[in-house]
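Dear colleague,

Please find the structure below, handed over for your reference.

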Amino acid sequence: MYTTLSPCAMCTGAILLYGIPKVVVGENTTFLGEEELLKSRGVELVVLDDEECKGLMREFIASHPRLWNEDIGEA
């Protein structure tokens, strides 16, 4: 599975439920999800630390802070 951000708790549950063996994360600076849980369950995790992903997220958060905070459960 490929994802822009580190998987949240809900996405982590789906990854484990469906036995997805590998997750490639664009970046985990903006949001650090349940990476340790995935690793502990044998999921291969690759973090690209991609500057383009980080830039896209900075732009999104600056343009839509309320939506971002709602998405990460801080609203």
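Helices (H or I, at least four residues) and strands (E, at least two) are DSSP runs, numbered from the N terminus. Glu-51 and Lys-54 lie three residues apart in helix 3 (residues 51-63), so about one helical turn separates them.

This is a predicted model, in which local features need pLDDT of at least 70 and side-chain atom pairs count only at pLDDT 80 or more, while totals for chains, interfaces and linings use all residues. Residues are numbered from 1 along each chain as its sequence is written, and side-chain values use heavy atoms, with hydrogens and water left out.

A salt bridge here is a side-chain nitrogen of Lys or Arg within 4 Å of a carboxyl oxygen of Asp or Glu. The whole structure contains four of them. Glu-51 and Lys-54 form one, with the closest N and O atoms 3.4 Å apart. Shared partners join Asp-49, Glu-51 and Lys-54 into one network; the bridge between Asp-49 and Lys-54 is 2.7 Å, N to O. Asp-49 is partly exposed at 39%, and Glu-51 is exposed at 51%.

A further salt bridge pairs Glu-44 with Lys-22 (4.0 Å, N to O). This pair links distant parts of the chain, strand 3 (residues 44-47) and strand 2 (residues 22-27), its residues being 22 apart.

With kind regards

Methods:
Buried < 20%, exposed > 50% of the residue type's maximum accessible area, 1.4 Å probe, protein only.
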